[in-house]
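Hi everyone, thanks for coming.

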Amino acid sequence: MIPELGHYALVLAFALALAQSSVPLIGVRNGDAALMDVARSAALAQFVCVAAAFAALTTSYVTSDFSVENVAENSHSAMPLIYKFTSVWGNHEGSMLLWVLILALFGALLALFGRNIPSTLRASVLAVQSWIATAFYLFILLTSNPFARLVRPPIEGRDLNPILQDLGLAIHPPLLYLGFVGFSMSFSFAVAALLIGRIDAAWARWVRPWTLAAWIFLTLGIAMGSYWAYYELGWGGWWFWDPVENASLMPWLAGTAFLHSALVMEKREALKVWTILLAILTFSLSLIGTFLVRSGVLTSVHAFATDPTRGVFILAILVLFIGGSLALFAWRAPMLKQGGLFAPISREGALVFNNLFLTTACATVFVGTLYPLALEALTGAKISVGAPFFNLTFWPLIVPVLLAVPFGPLLAWKRGDLVAAAQRLIGAAVLAVIAIIITFLMRGQPVLAPLGIGLAVFVIAGALTDIAERTGLFRTSPGNALRRAVGLPRSAWGAAFAHMGLGLMLIGVIGESQWNTERIVAMKVGDMLALGGYELSFDGAEQRDGPNYRELVTTFTVSRDGRVIGTMAPAKRTFAHREMSTTEAALKARGLSQIYLSLGDISADGSVAVRAYYKPLVLLIWFGALVMAMGGALSLSDRRLRIGAPRPARSKAKAALAPAE
Amino acid sequence: MRNASRMRLCWPLVWVAAFIAMAAPALAVQPDEMLRDPRLEQRARAISQELRCMVCQNQSIDDSDAPLAKDLRLLVRERLKAGDSDPQIIDYMVARYGEFVLLKPRLSWQTVVLWLTPAIVLLAGGLGLLIVLRRRRALAATAAPPPLTPDEERKLAELAKAENP
């Protein structure tokens with residue numbers, strides 16, 4: 001009964017989406033406020049319906065209702081309760097349901113909190129949002145129904161893929177989807193603006209909180225996924241340039257570029273056309289990411305061709321939305337009035353520089369990811385494009401951006417003074433050189449590492465320089481500077497934090513990739529292993545039973561200079577229902593560094609293959625991402641964004657008082 | 001059964017955007033495979049990272065747990081012991097398994113677009129930007145108001161002083 005109710009609710013949501021797609025636009029055309037208002041109520045009702053459908057599927061999982069095919073395929077009655085919840089989205093059908101749930105959530109939030117947005121724009125945005133929703137409801141209902149019943153239900157489910165039985169699954173996909181789908185708001189705003197034919201600084205201000213929110217979630221989602229892969233896969237890598245990873249990186253790069261160009265539009269009304277294009281591209285890349293992951297095209301072109309229903313459906317959605325929006329863009333964008341002019345050396349110029357390199361990096365990842373597919377489809381030739389290619393092409397495009405980051409905020413709008421900015425960055429540059437010399441003396445080879453650390457220090461110190469300059473830290477009394485720091489717009493703090501996070505992450509990346517120590521050895525109980533200044537002794541191993549697996553747990557004592565500092569217990573789990581095993585790596589943080597242990601095969605003579613790493617500064621990779629997201633959150637809490645468009649008289653006086661940004 | 005489970009691990013479990021799903025959760029390089037000479041072993045690892053495990057999705061033979069990857073790792077080490085140079089080993093692998101085995105494709109007419117993409121996009125973007133900027137400034141220059149007279153400039157400076165004491 002409950003699955004049928006869920007199915008029904010989903011169909012209802014589809015019907016509501018159809019109404020929301022069309023009625024408000026008629027209202028906008030005829031200037032009928034009542035029809036425009038349909039968008040708001042429909043958006044709220046749609047969210048209630050999808051939430052009900054989602055709750056129904058969750059209920060089926062929690063009660064282990066194996067008459068539902070989806071549950072039978074992906075769950076097991078012995079699975080811990082938390083994984084019964086998370087396995088709702090640990091499969092194709094359920095994850096698509098989560099996708100539309102989040103889409104409906106964003107629509108409902110706009111309906112609730114978008115009061116400051118003019119009703120025509122709001123109605124159009126919600127209508128466009130609903131076009132996307134309609135397409136995806138149709139996709140779920142026609143090709144991926146999560147509520148399908150089995151005629152002969154099995155007694156027991158087939159269990160969830162063991163790799164997914166982890167807390168990572170609870171957090172990673174929802175965060176990632178909040179990011180992916182969040183960019184649909186920027187897309188809908190862009191398309192709505194093109195439809196209405198009017199776009200200005202206020203538009204940029206209205207769209208900014210939504211983009212920022214999506215960007216924060218995507219940042220956290222990618223970082224979380226990277227950490228999950230790092231500890232779950234057992235070989236200590238944190239980024240593999242896998243197509244599925246690239247699928248999430250591309251919208252992030254485009255979204256980051258979009259955030260920066262929207263800034264120019266908000267402050268100076270320039271770059272309108274480009275900003276709109278970026279908004280469309282960012283969400284298009286999210287859709288392509290969904291397509292890449294969902295259609296099976298990544299496995300091989302042939303797998304896609306043998307079972308093409310889903311793939312072709314998503315491909316149709318892609319063509320419709322990306323093609324449609326780009327056509328609309330080509331038609332309407334030339335009509336947009338251009339805004340302020342600027343010299344190449346200016347804040348705008350710096351942001352354009354950022355955009356140029358970020359979009360090139362994005363294009364590189366895009367071509368690299370899709371090239372093998374395209375080549376095989378066109379010529380039949382099979383090639384591989386993997387990590388070595390991306391490392392070689394991606395980093396040269398990112399280093400110039402990193403070098404430019406400290407300059408951007410120090411340049412004035414319209415016409416900046418590069419020499420003056422450089423003078424103010426002398427302190428940061430000196431710190432960077434000191435960092436290079438110290439790391440070189442301490443670590444020596446490889447030469448690239450000290451230079452990278454220097455660059456990271458430059459980025460961090462540069463971000464701090466910006467704050468110091470704005471507060472007049474070295475020019476006025478400390479009390480005065482503190483007062484100014486409190487009065488500084490939160491968005492300024494946000495930018496500084498986001499840029500610092502970038503620097504911190506770079507330090508982590510260099511530490512992990514350049515100074516990593518690895519030992520692969522076969523160990524027996526009682527054996528010792530020296531690793532990066534620590535000694536690990538293999539104390540013992542025992543078999544244990546988990547709820548739906550058996551595991552071999554080993555214990556290691558970690559000591560340094562003869563002093564015991566703790567134990568580590570890497571394990572190997574075997575899941576009978578899926579005939580699979582996973583390694584449960586053990587991690588021990590030492591400051592910002594980590595000791596990483598994972599187990600391999602057990603030989604006939606009773607020795608266990610152990611892979612041990614000492615990863616210096618590795619935690620900074622994810623800590624840096626957290627700081628970046630925190631910067632985004634600070635910026636999101638900026639008063640300017642919360643109240644949306646300023647009422648002219650009052651806020652103009654405010655703007656005059658606030659320091660120039 | 002062991003084999004079957006490995007195949008299942010190796011073939012992609014098409015799943016949500018979690019990029020976890022396709023990796024084999026076990027050790028790749030086994031202790032007994034490693035060469036005695038650390039310099040040779042280091043070279044073997046570096047070469048292994050450039051070579052694809054052909055039955056896996058986007059994994060190098062250094063990372064993969066598949067039986068084929070193990071065979072290839074042993075093959076690389078055999079060639080190293082026989083005294084081959086790194087390019088010779090790469091050539092040998094390509095001759096046996098085709099270009100598909102390389103994770104970093106060589107420059108050829110088939111991959112020229114791939115390799116040139118970053119440069120082309122960057123140049124085209126920069127050039128396009130330059131043209132747009134030039135044109136807009138030329139346009140603005142023709143429509144620009146006449147420059148301030150010295151008298152006006154002095155007044156402006158006074159006003160600015162009054163605003164920012």
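First, some ground rules. This is a predicted model, in which local features need pLDDT of at least 70 and side-chain atom pairs count only at pLDDT 80 or more, while totals for chains, interfaces and linings use all residues. Residues are numbered from 1 along each chain as its sequence is written, and chains are lettered from A and ligands numbered from 1 in the order in which they are written.

So, what does chain A contain? It has 22 helices and 10 strands. Both are DSSP runs numbered from the N terminus: helices are H or I with at least four residues, strands are E with at least two. The radius of gyration of chain A is 27 Å, close to the 26 Å that the globule rule gives for 661 residues, so chain A is as compact as a globular protein of that length. That radius is taken over C-alpha atoms, and the globule rule is 2.2 Å times the number of residues to the power 0.38. Along its principal axes, the C-alpha trace of chain A spans about 80 × 70 × 55 Å.

How much of chain A is buried? Buried residues make up 55% of its 661 residues. Buried here says that 20 or more other C-beta atoms lie within 10 Å of the residue's own; exposed is 12 or fewer, partly exposed is in between, and C-beta atoms are placed from the backbone. Next, contacts: two residues are in contact if their C-beta atoms, placed from the backbone, lie within 7 Å. Among contacts in chain A between residues at least 6 apart in sequence, 74% join residues at least 24 apart.

Let's zoom in on one residue. Leu16(A) lies in helix 1, residues 2-30 of chain A, and counts as buried, with 26 C-beta neighbours inside 10 Å. Which residues does Leu16(A) touch, leaving out those up to four places away in sequence? They are Ala42(A), Ala45(A), Gln46(A) and Cys49(A). The C-alpha atoms of Leu16(A) and Ala43(A) are 8.0 Å apart, although 27 residues separate the two along the chain.

Now helix 2 of chain A, residues 33-62. Its 30 residues reach 44 Å from first C-alpha to last, close to the 44 Å expected at 1.5 Å a residue. The expected span is 1.5 Å times one less than the number of residues. Just after helix 2 of chain A, Ser64(A) takes a positive phi of about 50°.

Two loop residues also have a positive phi without being glycine. Trp241(A) has a phi near 55° and sits in the loop between helix 8 (201-232) and helix 9 (243-268) of chain A. Buried or exposed? Trp241(A) counts as buried, with 22 C-beta neighbours inside 10 Å. Glu269(A) has a phi near 60°, in the loop between helix 9 and helix 10 (272-295) of chain A. Glu269(A) is partly exposed, with 18 other C-beta atoms within 10 Å.

On to the strands of chain A, where two strands pair if DSSP finds at least two bridges between them. Strand 2 (528-531) and strand 3 (534-545) of chain A run antiparallel, joined by 4 bridges; Leu529(A) has Leu536(A) as its bridge partner in strand 3. Strand 3 also pairs with strand 4 (550-560) of chain A, in the antiparallel sense over 10 bridges, and a hairpin of 4 residues joins them.

There is also an open sheet of 4 strands in chain A, in the order 1-10-9-8, with antiparallel pairing. Strand 1 (517-523) and strand 8 (586-590) of chain A stand at the edges, each with a single partner strand, so one side of each is left without a neighbour in the sheet. Strand 8 pairs with strand 9 (593-602) of chain A over 5 bridges, and Lys588(A) stands opposite Ile595(A).

Last stop: helix 2 of chain B, residues 38-50. Which of its residues are buried? They are Ala44(B), Ile47(B), Ser48(B) and Glu50(B). These residues pack against helix 14 (387-404) of chain A together with helix 3 (67-81) and helix 4 (86-97) of chain B. The face of helix 2 of chain B turned away from its buried side carries the exposed residues Pro38(B), Arg39(B), Gln42(B) and Ala46(B).
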